[in-house]
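Reader: I would like a close look at a single part of this model. Please take me through the sheet, strand by strand.

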Amino acid sequence: MIKLRYSKRLFKRSSSSKQAASSCGGDTAGAGVGGGAEEIEWEVRPGGMLVQKRDGRGGEEVIVVRVSTGFSWHDVSIAATSTFGELKVILSMVTGLEPREQRLLFRGKEREDTDHLHMVGVRDKDKVLLLEDPALKDMKLRALAAQVVPSPCQPFIQV
């Protein structure tokens with residue numbers, strides 16, 4: 001059981017609901033609003049912070065991320081609490097690049113697959129840059145060149 005302290009300035013209470021507001025439980029705390037007691041729900045964010053649960057569309061906020069590939073861009077709808085790895089999976093369906101071939105940059109830094117979008121500050125209509133991994137691109141080109149030219153010692157003119 002966890003006792004949570006909270007500022008009295010954050011919650012307006014009437015004098016009749018002070019007894020209900022003074023109780024504090026592990027997952028919920030009572031706070032009076034307009035004379036009645038209302039339960040406060042708490043949630044733990046991926047970073048480990050305990051915060052008051054948001055009221056929203058089913059708890060999942062959907063954002064639109066604009067992904068630029070250099071010469072084109074795609075608008076992708078994704079949950080705000082998703083990871084960059086999940087965004088790469090969605091982008092693989094749109095662009096045809098495998099997730100391991102993609103590099104995602106947000107605010108000038110490459111982001112790891114385990115980083116959550118909302119934890120690094122990605123909001124609705126923010127721009128993310130998608131680059132193809134240069135090492136894998138070079139390997140693809142070398143494999144393609146090896147298939148096209150099987151041997152450099154073939155005669156051009158036969159006598």
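Author: Five strands make up an open sheet, ordered β5-β4-β8-β6-β7, with mixed pairing. This is a predicted model, in which local features need pLDDT of at least 70, side-chain atom pairs count only at pLDDT 80 or more, and totals for chains, interfaces and linings use all residues. Residues are numbered from 1 along each chain as its sequence is written, and side-chain values use heavy atoms, with hydrogens and water left out.

Strands are DSSP runs (E, at least two residues), numbered from the N terminus. Two of them pair if DSSP finds at least two bridges between them.

Strand β4 (residues 62-68) runs antiparallel to β5, and seven bridges join them. Valine 62 has alanine 79 of β5 as its bridge partner. The two strands form a hairpin with four residues between them. Glycine 70, in the turn, has a positive phi of about 100°.

A side-chain contact belongs here too. The charged end of arginine 66 sits over the ring of tryptophan 73, 3.8 Å from its centre. The term requires NZ of Lys or CZ of Arg within 6 Å of the ring centre and within 35 degrees of the ring normal.

Now β8 (residues 127-132). Three bridges join this strand to β4, and the two run parallel. Valine 67 is partnered with valine 128 in β8.

Two bridges join β6 to β7, and the pair is antiparallel. Phenylalanine 106 stands opposite lysine 109 of β7.
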